[in-house]
Amino acid sequence: MSLPNDLILSAKDDIAIRQDLVLVALGKRPADLAIRVGRLLNVHTRMWALDQEIVVKGRRIAWVGPAGQYKGEVAGRVHYPDLSAVPGFGEVHKHIESTHLTPEYEAALVLPRGNTWTCEASHEFANVDGPNNTAFWKTARSHGVPHKVFIQPGSAVPPSGWESTGGHYGYEEQRGFLTEDLSVVSLDEVMDWPAVWDPQNPAYERIWGMIRATVEQRGVVEGHGAGLVEAHETSAFAASGISSDHEIWSFEDGWEKINRGIFIEIRPYNFPEVLPGLLERGLPDWCNIAFTTDDRSASETLRIGASDYNLRSAIEHGVPPETAIQCVTLNPARHMRIDAWVGSITPGRYADLVLLDDVGSVSISAVYADGLLVSEGKQYLGPQPDISWPEWASETLNIGRLLTAADFAVRAPSDRHSVQAALLRPFHWNQDFLTTELKVENGEVQRDTARKITKFAIIDRYSGNGKLASMFWLGCGPADPDTALACSVAHDSHNVWTVGSSDRAMAMAVNHLQEIAGGWVLVHRGEIVAEVCYEIGGLMTARSAEELDREMQQLYSAAEKIEWMYEPSATKIWKPGFPETLIFATLTCLPWRWVFVAPSDEVPSGLVNVNTGQSHPVVW
Ligand SMILES: [Mn+2]
């Protein structure tokens, strides 16, 4: 009798799998494997049980209990007497796109680090190709990859009412996604807060349509509540039906939200500000807390780890290991309503185990996912399919023409020797943009490197009409002459951005970016000195983490030869040196106000206030 392959979760297949598991659990049908471990953490009781056996059929757990007591037949047995088994680690909020690897290579990177399932916050790829987003995220799993991706279609598609991208989601789209199969579980981070509270906002109908479709299908509405801390704001955030927040930047932020029923998803770089307060208060119940990655590049993951790093860091901050393990397993699984499939080592769930030789330091000896031994140490042993991604995934930059230096000129009103100019910084969260006076030469407004003022441009990569907007930014970009950096990762619309000390270098960088179908291009003193290919969606590459890291290291070393301008800004993730975090400087969600977007009829200059809808010329 053939069983479904149990890869893409459908209710029909799940029932067939469970009917078989019932008979295996009763010993009436044979099992495939018995994994005997020194001890096993039951995350439902937060207690260890000694000398346990996990009996596996197919990809699932059929039976768990004291070693030797299972009465059915078992085809194979393995025994790890000195290891502690904990459930596979899950990510409740992660943009796999930010690893910049396609899902089959993400799996090879994160499985050895204990991460066996991920709730993919997919507004990134969804803004590149909205119609194919769910198909994209099911492809690797359909090829048998044992890392499970639970798909969260993006509410931020497009991210604000003043942007248009490769996707446009509303009620009908979200209803369709949620009825496809069980792998689509929620609505990705609702983060356009003005579109939630303000009926006058142009995206109000669209956002509430997506929320309604999610509620209708009993999905989870995920949130992004950066800067919403005050009682009325957090009450409104919770009252909307938004169920979580991962933008927890302070203890007060997390405390105000968790006390209003909001599930808090804490990222490791926020641990120092958030965890001590929770521990000092002796928080007795951590079930409404998860630890999660959000965004982490392949290079950073190779350097510090994946979910294992999140767990290790929380333990180092004083969270008891067993409680911390619940925060990366059962808590996020329950929050996302997928705890029937992942989050614990119990019958019916996927056979995902992390075998630790030391719990406190999260030292991983081996990982099982779907009942398969997928890693020993850092060595990935699982399937590595060679997926030939279709053109809708690999040809996604549609600027439509080669650009010239003249395209980047900011022209002054006639007969002016100087103008007033609007300035933004990376992560400029002030009520107003900055203003300054800039010189005019031959009718064009000039940069002022001495005051760290350079030009930043956003190029529409979707319409094919080759439109772009340029303005002046403070405290970022290269000081060296004829130098520019271009990238096709521009959260969350993922147009193309470039920052540079000459219009010629900016045009050169963007034109080469078009040749490599997306990624990074660095031009130094008029020469292309480094490139990194993100050929899938302009966001990811179908290569190993190690291969991508080698290319990133070449970019970093070329960038070290350049003087990068810097001014502190509103967040600690903005640092001196190579401005890699500029990929996040084009966000248009909370807590931004004035933002720079690709030009449109509504916002021809690209400069708009997402709270008020007010736009403004970049010079006057
Ligand atoms: Mn967010």
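**Note on the predicted model**

1. Aromatic cluster. Ring pairs tie Phe456, Trp473, Trp497, Trp520, Tyr556, Trp564, Phe578 and Phe596 into a cluster. The model is predicted, and its side-chain atom pairs count only at pLDDT 80 or more. A search of the whole structure gives 27 aromatic pairs. Phenylalanine 427 and tryptophan 429 form an edge-to-face pair, because their ring planes stand at 85° with the centres 6.4 Å apart. Both phenylalanine 427 and tryptophan 429 are buried.

2. The unreviewed UniProt entry carries the annotation "domain: Adenine deaminase C-terminal" for residues 435–564. In the model, that stretch is 22% helix and 35% strand. Its end C-alpha atoms are 22 Å apart.

3. Manganese site. Which residues donate to the manganese ion? The protein donors are Glu189 through OE, His224 through ND1, His246 through NE2 and Glu247 through OE. The spacing of the donor residues in sequence is E-x34-H-x21-H-E. Glutamate 189 and histidine 224 link distant parts of the chain, 35 residues apart. Glutamate 189 is in strand E8 (residues 186–190). Histidine 224 is in the loop between strand E9 (220–223) and helix H8 (231–239). Glutamate 189 and histidine 224 are both buried.

4. The structure has 34 salt bridges. One of them joins the side chains of aspartate 181 and lysine 138, at 2.6 Å from N to O. This pair also links distant parts of the chain, 43 residues apart. Aspartate 181 is in the loop between helix H5 (171–180) and E8, while lysine 138 is in helix H4 (residues 133–142). Aspartate 181 and lysine 138 are both buried.

5. Salt bridge within a helix. Aspartate 253 and lysine 257 meet through their side chains, at 2.6 Å from N to O. Why are the two residues about one helical turn apart? They sit 4 residues apart in helix H9 (residues 251–258), so about one helical turn separates them. Buried or exposed? Aspartate 253 has a relative accessible area of 2%, so it is buried. Lysine 257 is at 0% relative accessibility and therefore also counts as buried.

6. Partly exposed salt bridge. Arginine 334 pairs with aspartate 339, with 3.9 Å between the closest N and O atoms. Arginine 334 is at 47% relative accessibility, so it counts as partly exposed. Aspartate 339, at 22%, also counts as partly exposed.

7. Salt-bridge network and aspartate 370. Shared partners join Arg59, Arg141, Lys148, Asp352 and Asp370 into one salt-bridge network. Aspartate 370 has phi near 60°, a positive value in a residue other than glycine. It is found in the loop between strand E14 (363–369) and strand E15 (372–376). Aspartate 370 counts as buried because its relative accessibility is 2%. Arginine 141, another member of the network, also lies over the face of tyrosine 350, at 5.4 Å from the ring centre.

8. Charge over a tryptophan ring. The charged end of arginine 39 sits over the ring of tryptophan 48. The distance to the ring centre is 3.8 Å.

9. Histidine 123. This residue is in helix H3 (residues 123–128). Its relative accessibility is 0%, so histidine 123 counts as buried. The side chain of histidine 123 makes a polar contact of 2.8 Å with the side chain of glutamate 124.

10. Cis peptide bonds. Where do they fall? The bond from valine 157 to proline 158 is cis, with omega near 0°. Proline 158 is in the loop between strand E7 (148–152) and H5. The bond from histidine 491 to aspartate 492 is cis as well, with omega near -10°. Aspartate 492 lies in the loop between strand E22 (484–487) and strand E23 (496–500).

11. Positive phi at lysine 452. Phi of lysine 452 is near 60°, a positive value in a residue other than glycine. The residue is in the loop between strand E19 (444–445) and strand E20 (453–459). Lysine 452 is at 31% relative accessibility, so it counts as partly exposed.

Definitions and conventions: Residues are numbered from 1 along each chain as its sequence is written. This is a predicted model: local features need pLDDT of at least 70, side-chain atom pairs count only at pLDDT 80 or more; totals for chains, interfaces and linings use all residues. Side-chain values use heavy atoms; hydrogens and water are left out. UniProt positions are given in the numbering used here, feature names are shortened, and annotations may be inferred rather than shown by experiment. Donors are N, O and S atoms within 2.8 Å of the metal (3.2 Å for Na, K and Ca); water is not among the atoms, so sites may look incomplete. Buried means under 20% relative accessible area, exposed over 50%, partly exposed in between (1.4 Å probe, protein chains only). A salt bridge is a side-chain nitrogen of Lys or Arg within 4 Å of a carboxyl oxygen of Asp or Glu. Rings of Phe, Tyr and Trp (its six-membered ring) pair if their centres lie within 6.5 Å; planes under 30 degrees apart count as stacked, over 60 as edge-to-face and the rest as tilted. A charge sits over a ring if NZ of Lys or CZ of Arg is within 6 Å of the ring centre and within 35 degrees of the ring normal. A polar contact is a pair of N or O atoms within 3.5 Å; within protein, one must be able to donate a hydrogen and the other to accept it, and residues adjacent in sequence count only if both atoms are side-chain atoms.
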